[in-house]
Amino acid sequence: MMRWPRFARAAGFALVAAVPGMAVAAQFPERSLRFIVPFPPGGGTDGFARVLGGKLNEIFGQPVIIDHRAGAQGSIGPALGARAAPDGHTITVGHSGSLVINPHLYAQTGYDTLRDFAPVAGGVSMPFALAVHPSVPAASARELAAYARANPGKLTFASSSSGPWIAGELFRLTTGTNMVHVPYKGGAPATAAVLGGEVSVMFTVPFTTVPQVKAGRLRVLMVLARSRIEALPEVPTAVEAGYPDLANVSEWYGVIAPAGTPRAALARLNAAVVQALQSSDVQKRLAELGLAAAPSTQEAFGQMIREEYLRWGKVVKASGAKLE
């Protein structure tokens, strides 16, 4: 009986093993994509998903259906995404609060961040901003802290998810102030509450802040970053405001898929997301929303998720915050 040389047999086996992946890459996507957004319309995740989804539609030639699944501070959407068929046709906005903060706040989220998802690509990153209703008697972050210390429990701060909540807790711990936390289901309702005077303060991303600042309906006292941002160039950084410990508090979004999604499909998705985020029209539209494109490889995004998961676990523990 004729036998192949060992190297030939190995090459043949490798080719056979590669064929399914090659076939997936060539055929993917075969139908429309479902893009789960873990917050209601009108917030930063919605803007990101719509801009990115529109470009993915152009690249793939398949519809991208935005599916808002809000609730539980952004945990319901990822829980649904984790249970989706792992074929690459369901992707989820990987939101920093949902992935790396919620698991430390809730006894049960419905997913394991480090086990149940495959990272696709990084998306955008932006620092939180400290905004107040115009009636608040403070023109700077230091004046706000002084007023809050002089009036313990009088000021309330809104949050749209766990990220802004923990940003508020960090401000409270750093400044020795006592403000009452009031949670909302998304950026739009939280902003509406501050605009209406229901709450005094909010920690938010520029997406929900810039239009209201330009209209004179909100005042931003500080961005929690080391460098000023293009969307709010006149606003001082945390370092300039005298709070360097608050200079690296940001929110980020990326794209994740269910664990077990074929590597070829993940590679195709990553290439498309990176291509979309590197296009000038997408970057322009995101910048108008106060979002800075930050595409990455699958590996780099996965590493960032792991590092941020450990970092925010320590912050949540120090704050004593907990939800059941």
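1. The model is a predicted one, and its overall dimensions are a reasonable place to begin. The C-alpha trace, taken along its principal axes, spans about 90 × 40 × 30 Å.

2. Of the 324 residues in the chain, 54% are buried, while the accessible surface comes to about 14200 Å², with 56% of that area belonging to carbon and sulfur atoms. Where contacts link residues at least 6 apart in sequence, 78% of them join residues at least 24 apart.

3. The chain holds 11 helices and 11 strands, and five of the strands form an open sheet with mixed pairing, in the order E7-E6-E8-E5-E9. Strand E7 (180-183) and strand E9 (219-223) stand at the edges and have a single partner strand each, so one side of each is left without a neighbour in the sheet. On average, and with direction ignored, neighbouring strands of this sheet are turned by 25 degrees against each other.

4. Strand E5 (residues 129-132) runs antiparallel to E9, to which four bridges join it; within this pairing, Val 132 stands opposite Arg 219 in E9.

5. Helix H7 (residues 187-195) packs on the sheet, where it touches strand E6 (156-159) and strand E8 (201-204), and the direction of H7 makes about 150 degrees with that of E8.

Conventions:
Residues numbered from 1 in each chain as written. Predicted model: local features only at pLDDT ≥ 70, side-chain atom pairs only at ≥ 80, totals over all residues. Heavy atoms only, no water. Pairing = 2+ DSSP bridges. Helix = DSSP H or I, 4+ residues; strand = E, 2+ residues; numbered from the N terminus. Axes fitted to C-alpha atoms, helices over the stretch in contact; angles between N-to-C directions. Contact = heavy atoms within 4.5 Å. Buried < 20%, exposed > 50% of the residue type's maximum accessible area, 1.4 Å probe, protein only. Areas by Shrake-Rupley, 256 points an atom, 1.4 Å probe, with all protein chains shown as cover.
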